[in-house]
Amino acid sequence: AQLRQMKSSMQQGARQVCSARGPSVSARPATARPANRQQCNAVKEVFMPALSSTMTEGKVVTWLKSVGDNVKKGEALLVVESDKADMDVESFSEGILAVIHTAEGERANVGAPIAFIAETQGEVEAAVKKAASLNGAPAPAPAAAAPKPAPAAPAPAPTPTPTPVAAAPAAPKPAPAAAAAAPAYAPRADGRIVATPYARQLAKDHKVDLSTVGGSGPNGRITASDVERAAGRGPATSAPAAAAPAAAPAAASASAPAPAAAPGPAPAVKPTTVSELRGTTKPFTSLQQAVNKNMIASLAVPEFRVGYEMCTDKLDVLYQKLKPKGVTMTALLAKACGVALAAHPALYAAVTPDGQGVTYADHINVAVAVAMPDGGLITPVLKDADSTDIYQISRNWADLVKRARSKQLTPAEFTTGNFTISNLGMFGVTTFDAILPPGTAAILGIAASRPTVVATADGMIGVKKIMTVNLTADHRIVYGAQAAEFLQSLKQVIENPEQLVM
């Protein structure tokens, strides 16, 4: 009996010890772990994205949100300048923009944190501390600067608002056009000035106050065309409607048609800009840096060049016939190259990244070099140039050039070309060699078409318009005979251009 009593007391004591220890052991992780996990997830980092395959760093052009603003998932947060375009960057998180770590105009490496978003107001302090741990100096600055943009945002808002109101009564006759234009180019609701770099440069050249200009770009961003319109130098098609508000303070009626003839004086700004550059040093833009890298990379490619002459008499006749329908010479040349390339797959192929083979493309995408106003060049792509009709190619090209000038192309619109055209014929160039873009097999340099004395087939002497083209090719893919055969095909298309409109 004593043994049973001792055994039961020992079991009871063991149960008491387990009950005493149990909660203390399990309570610790139950309370500590969720708290840590909650604190880690409460602050989200915004990273500098890779907007193209060649991008290693990006420049913050404009923050579309200010410190303290609420941010929704999928909402445009900032504009980043990549190597060849300005692109909106969306937020992947929802909460409050607590810290801007990379200010406007500053650069950051791809993958580096540029801002911090707090889930709630209570986590803003944690976000500031997290930013401070990365870089002690810049982190407090955005927090201190946060109150400044907040009161400043409402202040400019009343300034642009009276401008449209004043413009409406000043031009009662073109009221329908003015009324239609006003909502299309309304200032941002928060009063912030968001403009592309080229628009800012144009505004400086034309002495246009950006606070009085409504932006037609995404999220109310001011584009180059908006500045030109405000300066009275917009396109002739939209000048009568868009120029009325700008011209209202100066003249009421007689000056309205005058801005339509203004596109001519626009290039007059360039001599002034050149004179300002004398004796100065300017860093390369992101676009120029990207072009430089590509040109240096091309030095590693074993290139060769082949020249060819072809008559453009019939092509010029076709161009004059189609020009009133919106067809451009660039579209005709791109289409001609597309048709000729269809029988020569090596000309739009590419060497594999490891250099051990050749990849043949499914589609013929012709890229055309376009010089950018602020330096550098970009190559918008006309996809499926062999099968797309000439009218659609012309429409696509007009849209691509317009958006390329304002840096609004997507990477797929300037990185997917597999054959390139560089045309300097409009400058009267007689012949030139183009540098081969890395990752492609060939590029065609097109010179001017000039009246030339030639011997005709019947032994007589005549005058024909002759154009010289120079092909630069990667000798690892294209051999001399293949290059010559392609140029023969192109000559046949150029001299018999009827097939371009079929």
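Two strands count as paired if DSSP finds at least two bridges between them. Helices (H or I, at least four residues) and strands (E, at least two) are DSSP runs, numbered from the N terminus. Zoom in on Phe304: its bridge partner in strand 18 is Ala473.

This is a predicted model, in which local features need pLDDT of at least 70 and side-chain atom pairs count only at pLDDT 80 or more, while totals for chains, interfaces and linings use all residues. Residues are numbered from 1 along each chain as its sequence is written, and side-chain values use heavy atoms, with hydrogens and water left out.

Axes here are lines fitted to C-alpha atoms, for helices over the stretch in contact, and angles run from 0 to 180 degrees between N-to-C directions. Contact means heavy atoms within 4.5 Å.

**Helix 12 and helix 13**

Next, select residues 313-322 (helix 12) and 329-341 (helix 13). Their axes come within 10 Å and cross at roughly 130 degrees. Helix 12 and helix 13 are therefore oblique to each other. For these angles, under 35 degrees is roughly parallel, over 145 roughly antiparallel, 65 to 115 roughly perpendicular, and the rest oblique. The crossing is right-handed: the near helix is turned clockwise from the far one by less than a right angle.

Show the side chains at this contact. Leu315, Asp316, Leu318, Tyr319 and Leu322 of helix 12 meet Met329, Leu332 and Leu333 of helix 13. By class, the contact has 7 nonpolar, no polar and 1 charged residues. Ala, Val, Leu, Ile, Met, Phe, Trp, Tyr, Cys and Pro count as nonpolar, Asp, Glu, Lys and Arg as charged, and the others, Gly among them, as polar.

Stay on helix 13 and pick Val339. What does Val339 contact, leaving aside its neighbours within four places in sequence? The partners are Asp386, Val493, Gln499 and Leu500. Val339 and Val493 are 154 residues apart in sequence, yet 7.6 Å apart in space, C-alpha to C-alpha. At 24% relative accessibility, Val339 counts as partly exposed. Buried means under 20% relative accessible area, exposed over 50%, partly exposed in between (1.4 Å probe, protein chains only).

**Two loop residues**

Go to Asp384, in the loop between strand 15 (381-382) and helix 14 (390-405). Its phi is near 50 degrees, a positive value in a residue other than glycine. Asp384 is partly exposed, at 25% relative accessibility.

Then take Lys407, in the loop between helix 14 and strand 16 (419-423). Its phi is also positive, near 55 degrees. Is Lys407 buried or exposed? At 6% relative accessibility, Lys407 counts as buried.

**Strand 8**

Move to residues 113-118, strand 8. Here 5 of the 6 residues are buried, so the strand is largely enclosed by the rest of the structure. Strand 1 (residues 43-47) pairs with strand 8 in the antiparallel sense over 5 bridges; Lys44 has Ile117 as its bridge partner. Strand 6 (residues 95-100) pairs with strand 8 in the antiparallel sense over 4 bridges. There, Ile100 stands opposite Ala115.

**Zoom out**

Show everything. The protein has 15 helices and 18 strands. Of its 502 residues, 39% count as buried.
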